[in-house]
Amino acid sequence: MSSNTAPLPTFTPAQGLLGGLDLLAVSYAGAVAHLRLNRPAKRNALNDPFIQQLHTAFVNLPEAIKAVVVSGEGDHFCAGLDLSELVERDIGSGVLHSRMWHAAFDAVQFGRVPVVAALHGAVVGGGLELATSCHIRVAEASTYYGLPEGQRGIFVGGGGSARIPRLIGVARMTDLMMTGRVYDAAEGQAAGLSQYVVADGEGFAKAVALATRIASNAPMSNFAVMHALPRIADQSQSDGLFTESLMAAVAESTPDAQDRLRAFLEGRAGKVVKQ
Ligand code: 1HE
């Protein structure tokens, strides 16, 4: 476990479009936006308006925002798909529904800025699909992960089959889905679902500290990590190396990179230190 003792910045509620979303509480502190899933009575279960509001928020982030933290209100991060919506859906609307989730979660993973998820309690089904669309996951000790789709007679539809095996492998996802196995925070960390595990109550502060650090990176470096890295991982080595060369040349030719390189050479930039 790691803890974070830095004081939390003050978050101010968003105004305008993003302040008017009823299922998401949006607030800003400097270059970091906080999007809190805000349907605790239903354990933040994701119905259609919820997915639409997530999509709206991610494509309308103010220019000044350079990183996002996503968390959940109440005892759980997210109980996944709102199951009451599924009961009367036909095959055509089922495909469109899944595609709506894909569009929203693509806006999270392949948007403009990196996203840190602060997880606690249940991170299940579509909640795990949302969490795995984020770039960094911080799990409090109370976190547990499951894919109850198997028990419910359905399949993942929010991008889980593409994103989750890339983190934990097909065999582990098969086990979670077929047997109903639930990973606790430590098992999730060992499997690769989270990058950090912290004590209960410390997840948000840790996520904000990470997001603040991320927001200070050159935007093109963050863009390259978000957009080039997963695509290169999907390419052949030869194609990946070619993509890497192009991305590297774009990043290092930005004025931002040149300023930062000069600062290091002139002794004005921080060294790499063991933490
Ligand atoms: C819900 C949902 C939901 C809670 N849809 N209403 N997801 C699941 O299969 C997980 C289902 N939920 C649970 O297993 C539990 O609710 C939790 C472990 C997450 C939390 O337990 P607990 O005891 O804190 O809460 P609760 O009493 O079960 O639920 C409180 C209320 O939230 C209750 O409603 P109420 O009107 O009786 O108060 C629940 O019915 C409601 N609720 N979860 C609808 N998921 C794009 S494909 C993705 C596919 C999936 O995500 S499948 C996995 C769905």
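**View 1. Aromatic pairing in the model.** The structure holds 2 aromatic pairs, a pair being two rings of Phe, Tyr or Trp (its six-membered ring) with centres within 6.5 Å. This is a predicted model, in which local features need pLDDT of at least 70 and side-chain atom pairs count only at pLDDT 80 or more, while totals for chains, interfaces and linings use all residues. Residues are numbered from 1 along each chain as its sequence is written, and side-chain values use heavy atoms, with hydrogens and water left out.

**View 2. The pair formed by F11 and F204.** The rings of F11 and F204 form a tilted aromatic pair, 5.6 Å centre to centre with 50° between the planes; planes under 30 degrees apart count as stacked, over 60 as edge-to-face and the rest as tilted. F11 lies in the segment before β1 (12-13) and F204 in helix α9 (residues 203-215), so the pair ties together parts that are 193 residues apart in sequence. Helices (H or I, at least four residues) and strands (E, at least two) are DSSP runs numbered from the N terminus. F11 is buried at a relative accessible area of 18%, whereas F204 is partly exposed at 22%. Buried means under 20% relative accessible area, exposed over 50% and partly exposed in between (1.4 Å probe, protein chains only).

**View 3. R231 and the ring of F110.** The charged end of R231 sits over the F110 ring, 4.5 Å from its centre. The criterion is NZ of Lys or CZ of Arg within 6 Å of the ring centre and within 35 degrees of the ring normal.

**View 4. Surroundings of the ligand.** The ligand is surrounded by 23 residues, of which the closest are K42, A79, L81, G126 and R152; a residue is near if one of its heavy atoms lies within 4 Å. The shell divides into 11 nonpolar, 6 polar and 6 charged residues, with Ala, Val, Leu, Ile, Met, Phe, Trp, Tyr, Cys and Pro counted as nonpolar, Asp, Glu, Lys and Arg as charged, and the others, Gly among them, as polar.

**View 5. Polar atoms at the ligand.** A ligand nitrogen is 2.8 Å from a polar backbone atom of A79. Ligand oxygen atoms are found 2.7 Å from a polar backbone atom of G126 and 2.6 Å from an N or O atom in the side chain of R152. Taken alone, the ligand exposes 1,000 Å², and the protein buries 65% of that (Shrake-Rupley method, 1.4 Å probe). Elements giving two or more residues to the shell are β6 (122-124), α4 (126-131) and α5 (149-152).

How values were computed
Polar contact = N/O pair within 3.5 Å; in protein donor to acceptor, adjacent residues only side chain to side chain.
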